[in-house]
Amino acid sequence: MAKQQFQAESKRLLDMMINSIYTHKEIFLRELISNASDAIDKRHFRSLTDASLVPEGGFEIHLAVDEDNRTLTISDNGIGMTREELETNLGTIAQSGSLAFKKENQTEDTDIIGQFGVGFYASFMVASHVKVVSKACGSDQAYVWESDGADGFTIEPGEKETYGTDIILTIKPNPEGEDAESYDEFLQTYRLSGLVRKYSDYIRYPIKMLMPHSQAKPKPEDAPEDYQPEYETIYTEDTLNSMVPLWKKDKKDITQDEYDEFYRNKFMDYMKPARTIHSHSEGLTASYDALLYIPSQAPYDYYSKDFAKGLSLYTSGVLIMDKCADLLPDYFGFVRGLVDSSDLSLNISREMLQHDRQLKAIAISLEKKIKAELLKMQKDEPEEYEKFWNSFGYSIKVGAYANYGAAKEKLRDLIMFYSAKEKKLISLKQYREAMPEEQEEIYYASGSSVEMLDKLPQAEMVRKHDYDILYLTADIDEFVINLLESQDEKKFRSITAGDLNLSSEEEKKEAEEKSTANRAMFDMMKEALDGKVKDVRVSSRLVSDPVCLTSDGSLSIEMERILNNVQNSGGQFNAEKILEINASHPIFETLIRLYANDPEKLKTYTNLLYNQALLIAGIPVEDPAAFSNAICDLMAQK
């Protein structure tokens, strides 16, 4: 029979389609199984009104391997195709009977996977020759479609006893060369069974194949005492897929143990998840089922560049992508799980997914559900949320800071900091609700540890007023708090920067008068520090400690330390440091006496006080040896 040409396609178009739409050659099996499932769906639909169409033994998909002839056969007992349907559905790229079937029968509630005919042509990625034998339900004649690729195809009458379709692929020979990819894997039963479990595990019909199994031969009656069992290989027809997706079941029919077991098996985590989110959503933009898990601990590589975030993406139970990163924002990258939507095309590439409107709608919906679940945990089980925060809080803080704070309002309520008063992590909302009415600002302190911050002299004045202080101990914390700016109209204020406005008018006036009266002494002290501080002044925040360092401007002392520790940060950062002296401390009178009688010793004392203030702030002194010698000299004086 004369070869027919594809209606409007050339070999170049076919090659381009295969290479651009499918990243991995193994996808061909997923596509052909999905087409087989569609064919069975159609026959099943029609059998509802015609019982004669129900096949003996039920609906099934079969795989068969012939290694000697290098063939792989995918068979179904579905609706089958007539000669005209073979020519129409397989003769035109991007043409399929599935979409037409849905329109013709108005079966919008029927999950038809292969709405586009592109998938069938994935066969040519692994096959040098494709043969399709099909017999349509109700027909007495079968037909055979054959093709070697884009050069064309033939259709002629054939023989087939039962209704349905057999697709016989002649697998390509292995190319020469050490680095050449092998096609032999698609003739290996264990590899094929693995691909079924990976991509088609939740196809609703059983996918069967003869699988080899080793079993012991019967022990002979006259076997000696040292008899060693002999084994033989037998073949049994095994069902390769589980068929029923957990996420498609009604939530009331699933126990938490079943959810947990699915999580441990799929994501190889020996720990139970902290939270399970099982969601079914129907909307104008996108409908989907989602099964999400919040892990109870971070994976070992979560904060490394090797970690790949993303959810498994299915369409009607068929895996499209193992890790679809576009379904999760980076700050929720710790979430594991899957999404199944019949609104997405099976024949879709990563590039297409990035621009898919339905996918974006699903991602927005999932983000809201994840946030709602975390807030519920924070409210109802604060101890569990604290464990979660210790594992994944840094990720959320990075999300709040990234892209100039684009997501800061979404994440604000999730953020936690350590409370000096409560001695535990609290949210910004909790701090704000506990504030006394007269408190004007939300106070925080930044440093390397809670223990160090607890001893800051600048905190004494805040504690004197019985106000709480948030301790910021991660490098990113102060950057985040500055970006958030305020909480419910109360601004954030560092206890080590600017005027805390906690002193009485009388105390402020007294401090100002003492600063003015001793201006010459403070200028000498500033000069002795040789540009290390912007100013020396009387403190209005110190209560019992002699000295502290504060800063003017937007760059705090802690931010200076962090920025200067970052590689390639683009130069040296310097906060505008202020050396504050407690005028109520005995050291102040000593400084006044030295200014009048021994200016050189005043300079020595000034450097000692500056280095002391550095150490209190958690900053290493610039010259430890000089600092040590100065202390020894002071101790040696009579």
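At what angle do the axes of helix H9 and helix H14 cross? They cross at roughly 60° and come within 9 Å. This is a predicted model, where local features need pLDDT of at least 70, side-chain atom pairs count only at pLDDT 80 or more, and totals for chains, interfaces and linings use all residues. Residues are numbered from 1 along each chain as its sequence is written, and side-chain values use heavy atoms, without hydrogens and water.

**Helices H9 and H14**
- H9 spans residues 382–405 and H14 residues 477–484; helices (H or I, at least four residues) and strands (E, at least two) are DSSP runs, numbered from the N terminus.
- Axes are lines fitted to C-alpha atoms, for helices over the stretch in contact, with angles from 0 to 180 degrees between N-to-C directions.
- Contact (heavy atoms within 4.5 Å) involves Lys397, Ala400, Tyr401, Tyr404 and Gly405 of H9 and Asp477, Phe479, Val480 and Leu483 of H14.

**Strands E9 and E10**
- Six of the seven residues of E9 (275–281) are buried, meaning under 20% relative accessible area with a 1.4 Å probe, protein chains only.
- E9 runs antiparallel to E10 (residues 288–294), joined by seven bridges; two strands pair if DSSP finds at least two bridges between them.
- Thr276 has Tyr293 in E10 as its bridge partner.
- A hairpin of six residues links E9 to E10.

**Ser200**
- Ser200 sits in the loop between helix H5 (189–199) and strand E7 (207–216).
- Ser200 is buried, at 1% relative accessible area.
- Its C-alpha atom is 6.3 Å from that of Arg30, 170 residues apart along the chain.

Key
Buried means under 20% relative accessible area, exposed over 50%, partly exposed in between (1.4 Å probe, protein chains only).
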